[in-house]
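I opened my notebook to look up how the pieces of this chain hold on to one another. Here is what I wrote down, entry by entry.

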Amino acid sequence: MQMIYVDADACPVKDEIYRVAKRYAWRVVVVANTPLRVPTDPQIELVVCREVGLDIVDNWIFEHVGRGDIVVTADIPLAARCIEKHSRVIDVKGREFTRHDIGDTLAMRNLLDELRQTGVITGGPAPRSDKDRSRFLAKLDELIVAVRKAERMAGR
C-alpha cells in the first residue's frame, strides 16, 4: 500500500493531506519531533522521533519511504534523498521536486543559505497564499493518480 509521509513539524498543509488521502484511501504517516494532534483514523499514523540530533525526522522518513510513496516536505536535502529511492516529493506550495531539477534546486538552496549566513540577503521565502494551497491540493491529487496509474501498468 502506497503512503504519504509528512515532514510535519512545520507543515501547514496537514489537514489538506488528510482530506486528499482519505479520498483515495491512502495511508498517511505524520513524522515529527514533538507530539502533534492528528485525526483519529486508522489510515493516519503519528510517529514521534524523540532521539536527540539533527535530521532525526528526515532520517526516519528516508529509511521508511519506498518506490511510489509521496513525501511532503520543504526540506530540499530530504527531497533529494527520497527521489533517489524513487518516491515522489512535493513541497507545501505544490512544487514537485524531480530527479531532473533536484540538483539545481539543491545548489540554489545552498547558495541562498550561504548568502543569508553572510548577511548579503535577509529574510526567507514569501508566505504561503491561497493560490499556493490550491496548487498544493491539485498537485497532491495529480501525484496520487499518477502513482496509482503507474502501479496498475506495472501490474502491482
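**Entry 1: salt bridges**

I began with Arg-23, which forms a salt bridge with Asp-141, the closest N and O atoms being 2.6 Å apart. For this I count a side-chain nitrogen of Lys or Arg within 4 Å of a carboxyl oxygen of Asp or Glu. Arg-23 sits in helix 1 and Asp-141 in helix 5, so the pair ties together parts 118 residues apart in sequence. Helices here are DSSP runs of H or I with at least four residues, strands are runs of E with at least two, and both are numbered from the N terminus.

A note on the source: this is a predicted model, in which local features need pLDDT of at least 70, side-chain atom pairs count only at pLDDT 80 or more, and totals for chains, interfaces and linings use all residues. Residues are numbered from 1 along each chain as its sequence is written, and side-chain values use heavy atoms, with hydrogens and water left out.

Next I looked up accessibility, calling a residue buried under 20% relative accessible area, exposed over 50% and partly exposed in between (1.4 Å probe, protein chains only). Arg-23 is exposed at 54%, while Asp-141 is partly exposed at 21%.

How many salt bridges does a search of the whole structure find? It finds eight. One of them joins Glu-16 and Arg-133, at 3.0 Å from N to O. Glu-16 belongs to helix 1 and Arg-133 to helix 5, so this pair ties together parts that are 117 residues apart in sequence. Glu-16 is buried, with a relative accessible area of 8%, and Arg-133 is partly exposed at 30%.

I also noted Asp-41 with Lys-22, whose closest N and O atoms are 3.5 Å apart. Asp-41 is in the loop between strand 2 and strand 3, Lys-22 is in helix 1, and they are 19 residues apart. Lys-22 is exposed, at 62% relative accessible area. Arg-88, Glu-96, Lys-139 and Glu-142 are linked in a network of salt bridges.

Leaving aside neighbours within four places in sequence, Asp-7 is in contact (heavy atoms within 4.5 Å) with residues including Val-31, Asp-58, Asp-75 and Leu-78.

**Entry 2: the cores**

I then turned to nonpolar cores, sets of buried Ala, Val, Leu, Ile, Met, Phe, Trp, Tyr and Cys residues joined through side-chain atoms within 4.5 Å. The largest has 24 residues, and Ile-4, Ile-17, Val-28 and Val-72 have the most contacts inside it. Strand 1, helix 1, strand 2, strand 4 and helix 5 each give two or more residues to this core. Apart from it lies another core, of 19 residues, with Ile-61, Val-71, Ile-76 and Ile-83 among them.

Beyond its neighbours within four places in sequence, Ile-17 is in contact with residues including Cys-11, Phe-136 and Leu-140.

I found one aromatic pair in the structure. The ring centres of Tyr-5 and Trp-60 are 6.3 Å apart and the planes are at 55 degrees, so the pair is tilted. The rule: rings of Phe, Tyr and Trp (its six-membered ring) pair if their centres lie within 6.5 Å, with planes under 30 degrees apart stacked, over 60 edge-to-face and the rest tilted. Tyr-5 is in strand 1 and Trp-60 in helix 2, 55 residues apart. Tyr-5 is buried at 3%.

Helix 2 has Ile-56, Val-57, Asp-58, Trp-60 and Ile-61 buried. Its buried residues pack against strand 1, strand 2, strand 3, strand 4 and helix 3.
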